[in-house]
Amino acid sequence: MFKLACGDVMPGCAARFENSDRGAMLGQVAAHAASAHGITEITPEVLAAVESQISFAA
Ligand SMILES: [Zn+2]
């Protein structure tokens with residue numbers, strides 16, 4: 001499973017994501033970022049910050 005704690009990218013956020021499909025998880029994160037954080041544009045910088053916090057556990 002790919003896992004991401006939003007709080008590692010956006011301090012104070014308790015949202016957590018996990019999905020066996022990395023791309024699908026990024027989609028969930030993008031939807032959450034838009035609705036919870038007002039981030040409607042995933043810039044390369046934002047994507048890099050998110051991807052650096054993704055962990056993988058089988
Ligand atoms: Zn969040």
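Biologist: What share of the residues is buried?
Modeller: In this predicted model, buried residues make up 10% of the 58 residues in the protein.

Biologist: And how does the radius of gyration sit with a compact globule?
Modeller: For 58 residues a compact globule would have a radius of gyration near 10 Å, and the protein agrees with that because its own value is 10 Å. Along its principal axes, the C-alpha trace spans about 30 × 20 × 20 Å.

Biologist: Ok, new topic: how many helices and strands are there?
Modeller: The protein has two helices and three strands, and along the sequence they follow the pattern β-β-α-α-β.

Biologist: In what order do the strands sit in the sheet?
Modeller: The three strands form an open sheet in the order E2-E1-E3, and the pairing is antiparallel. Strand E2 (16–19) and strand E3 (55–56) stand at the edges with a single partner strand each, so one side of each has no neighbour in the sheet.

Biologist: How many bridges join E1 and E3?
Modeller: Strand E1, which covers residues 2–5, pairs with E3 in the antiparallel sense over two bridges; as for individual residues, Phe-2 has Phe-56 in E3 as its bridge partner.

Biologist: Where does helix H1 lie?
Modeller: Helix H1, residues 22–37, lies across E1 and E2, and it runs at about 155° to E2.

Biologist: Last one: what share of the contacts comes from residues 24 or more positions apart?
Modeller: Among contacts in the protein with a separation of 6 or more, such residues account for 33%.

Methods. Residues numbered from 1 in each chain as written. Predicted model: local features only at pLDDT ≥ 70, side-chain atom pairs only at ≥ 80, totals over all residues. Pairing = 2+ DSSP bridges. Helix = DSSP H or I, 4+ residues; strand = E, 2+ residues; numbered from the N terminus. Contact = placed C-beta atoms within 7 Å. Axes fitted to C-alpha atoms, helices over the stretch in contact; angles between N-to-C directions. Rg over C-alpha atoms; globule rule 2.2 N^0.38 Å. Buried ≥ 20, exposed ≤ 12 C-beta atoms within 10 Å, placed from the backbone.
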